[in-house]
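Student: I would like to go through this structure and ask what lies behind each label. Please set the values against the definitions.

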Amino acid sequence: MYANDRLGDCTCAAAGHMIEAWTGSAEGHDTEISEKSVVSAFEAVKQVDPVTGEEGAVELDVLNYWRKHGIGRHKIGAFAKVATYNHTLVRAGAYIFGGLYIGLSLPKTAQGQEVWDWTHSLSGDAKPGSWGGHAVDVVGYDSKDITVVTWGRLQKMTWSFWDRYCDEAYCIISNDFLLAGKAPNGLDLNALKADLALVS
């Protein structure tokens, strides 16, 4: 959980979960990111609400820190925003890049749901953000649901929930993912690197 039960460090905890997923996909390179590494990154980018004293971080700040300094000595090569309303791009980004790094404005209605789903209201407990902002990483999807990692476990959400409560999504080019040579999905990562070199 990377102290996410005590601190508002979900933005960095999600990064830690992504690194573990990527390195686990690279045969023989499985890595466990320490809580100390995640909390250290959070301390470098956190913001404190002057009214409530609550701590949190902006996903873009975490991504820039991650690219420049790394988290647990794991840096990312680049990242790009994905249009959350375009389900085709969302699926493609998650498939090609081994997941997505996303931000949610969680409603209180999600607290009691086994699968996070839209209740056909956007007011009261269903209001976006009524439970707070939360960062997670997408690790799978199908026609009905998206699967994310949050608070150290897998959580499903429906696409209708995604459409109402997902604020931002990023695909990330991970050095760990690229070093594998070939992604678990069969994508030729060396060809991807060559293509990226043509546009950067």
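Student: How do you know the volume of the largest pocket, and what makes it a pocket?

Tutor: The largest pocket in this predicted model has a volume of about 570 Å³, which is the space filled by probe spheres set on grid points joined across faces, edges and corners. A pocket is an open set of points on a 1 Å grid over the protein atoms alone, with protein on both sides within 12 Å along at least five of seven lines. Totals for linings use all residues, whereas local features need pLDDT of at least 70 and side-chain atom pairs pLDDT 80 or more. Residues are numbered from 1 along each chain as its sequence is written, and side-chain values use heavy atoms, without hydrogens and water.

Student: What makes a residue part of the lining, and which lie nearest the centre?

Tutor: A lining residue has an atom within 4 Å of a point. The largest pocket has 23 of them, with Cys10, Glu55, Gly132, Gly133 and His134 nearest its centre. Strand 6 gives the largest share, four residues; strands (E, at least two residues) and helices (H or I, at least four) are DSSP runs, numbered from the N terminus.

Student: Why are Cys12 and Cys171 called buried?

Tutor: Buried means under 20% relative accessible area, exposed over 50%, and partly exposed in between (1.4 Å probe, protein chains only). Cys12 has 1% and Cys171 has 11%, so both are buried.

Student: How do you know whether Thr158 is buried or exposed?

Tutor: Its relative accessible area is 12%, so Thr158 is buried. Thr158 belongs to strand 8 (residues 153-158).

Student: What makes the pairing of Thr158 and Ser160 a polar contact?

Tutor: A polar contact is a pair of N or O atoms within 3.5 Å; within protein, one must be able to donate a hydrogen and the other to accept it, and residues adjacent in sequence count only if both atoms are side-chain atoms. The side chains of Thr158 and Ser160 make one at 3.1 Å.

How values were computed:
On a 1 Å grid over the protein atoms alone, a cavity is a set of points where a 1.4 Å probe fits but cannot get out, and a pocket is an open set with protein on both sides within 12 Å along at least five of seven lines; lining residues have an atom within 4 Å of a point.
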